[in-house]
Amino acid sequence: MYAFCVPGSLSRFWAVVLTLAVMAAGCTSVVTVGRRVLPKPKPKPVPVSVLVFDTAGNAVSLADITIAGEPVGNGEEFGVLPEDFPLTVTVSADGYHPTSLSVAEPPQTPVRVRLAPVVFQGRIVTASGDALSDATVRLGDLGTTTGADGTFELLPAVAGTVSVERPAWMPVEVEWDGAETLLEITLEPRIVRATHAIMWLPGKDLWEPFLDLASRTEINAMVLDIKDESGLIAHRSEVPLALEVGAVAGSYALDE
């Protein structure tokens, strides 16, 4: 601790000189000038901000950022005292691997952090293990189609329900736990077991027995004639040419 007492016989000029000299020397405590005690100036906080990107250089806007344990917004300035360096910056975001880094000294520009995405890889196959191409795979807001070898890749991926669809195959849903290992998903072929119904059945109260048959057996489809050999249409068609030639004898609405 240093204390300087300036006698009243000294001029104000010398008092100021002594005060400035002490401040320039980095005085670690208070300075006494006459009867006034001057407090040590408080250090000015250093503004620190963080910008988050993925490994491809795209901005990751919805990221959780903490600087020295305090949450801050993406690109938002946060005041840090010089003596608090080095400080730790931690960043996380849905679909990305979290990371942290140490900032050794006050940065002159925003701290740039890159997050590696979580990658979901899989393969769509038949029960015998054959690859299924052109299958549609969805996970949350992400979607893609499988290649010739049945594989797919989605990123940045968050654990959740995976849905897979392909024409002529039964759709399936599976849960993905977020593990970055190849997930193999099997599709079963869509097998149609149908019975034939003549075109007039829906309009003659004979439809229910067919539906009852389907509910009790393996029948899962109906083949319904909608036009006979003469060109007569049994449902209420709105096809202009059919109406023009008088081919519509419709007694029911096809969509119903």
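In the hairpin formed by strands S5 and S6, which has two residues between the strands, Ala 68 adopts a positive phi near 55 degrees; strands here are DSSP runs of E with at least two residues, helices are runs of H or I with at least four residues, and both are numbered from the N terminus. The structure is a predicted model, in which local features need pLDDT of at least 70 and side-chain atom pairs count only at pLDDT 80 or more, while totals for chains, interfaces and linings use all residues. Residues are numbered from 1 along each chain as its sequence is written, and side-chain values use heavy atoms, with hydrogens and water left out.

**The chain as a whole**

- The protein chain contains three helices and 21 strands, and 27% of its 256 residues count as buried, where buried means under 20% relative accessible area, exposed over 50% and partly exposed in between, with a 1.4 Å probe and protein chains only.
- Among contacts in the protein chain with a separation of 6 or more, 47% come from residues 24 or more positions apart, a contact being heavy atoms within 4.5 Å.

- Strand S5 (residues 64-67) has Ile 65 and Ile 67 on a covered face, whereas Asp 64 and Thr 66 make up an uncovered one.
- In a regular strand, side chains alternate between the two faces of the sheet.
- S5 runs antiparallel to strand S8 (residues 87-92), to which four bridges join it, and also antiparallel to strand S6 (residues 70-72), through three bridges; two strands pair if DSSP finds at least two bridges between them.
- Thr 66 is placed opposite Thr 90 in S8, and its bridge partner in S6 is Pro 71.

- Strand S12 (residues 136-139) and strand S15 (residues 160-166) run antiparallel and are joined by four bridges, with Glu 165 in S15 as the bridge partner of Thr 136.

**Ser 49**

- Ser 49 sits in the loop between strand S3 (46-48) and strand S4 (50-54), and is buried at a relative accessible area of 11%.
- Not counting residues up to four places away in sequence, Ser 49 touches Gly 75, Glu 76, Glu 77, Pro 110 and Val 111.

**Salt bridges**

- The whole structure holds three salt bridges, each defined as a side-chain nitrogen of Lys or Arg within 4 Å of a carboxyl oxygen of Asp or Glu.
- Arg 123 and Glu 184 form a salt bridge whose closest N and O atoms are 3.5 Å apart; Arg 123 belongs to strand S11 (residues 120-125) and Glu 184 to strand S17 (residues 183-186), so the pair ties together parts 61 residues apart in sequence.
- Arg 193 and Glu 218 meet in a salt bridge at 3.2 Å, N to O; Arg 193 is partly exposed at 37% relative accessibility, whereas Glu 218 is exposed at 57%.
- Asp 212 and Arg 216 form a salt bridge at 2.8 Å, N to O, and, being four residues apart in helix H2, they are separated by about one helical turn.

**Aromatic cluster**

- Phe 120, Phe 152 and Trp 176 form one aromatic cluster; rings of Phe, Tyr and Trp (its six-membered ring) pair if their centres lie within 6.5 Å, and planes under 30 degrees apart count as stacked, over 60 as edge-to-face and the rest as tilted.
- The structure has two aromatic pairs: Phe 120 and Phe 152 are edge-to-face, at 5.2 Å centre to centre with 75 degrees between the planes.
- Phe 120 in strand S11 and Phe 152 in strand S14 (residues 151-154) tie together parts that are 32 residues apart in sequence, and both residues are buried.
- Phe 120 and Trp 176 have ring centres 4.4 Å apart and planes at 25 degrees, so this pair is stacked.
- Relative accessible area is 0% for the buried Phe 120 and 4% for the buried Trp 176.
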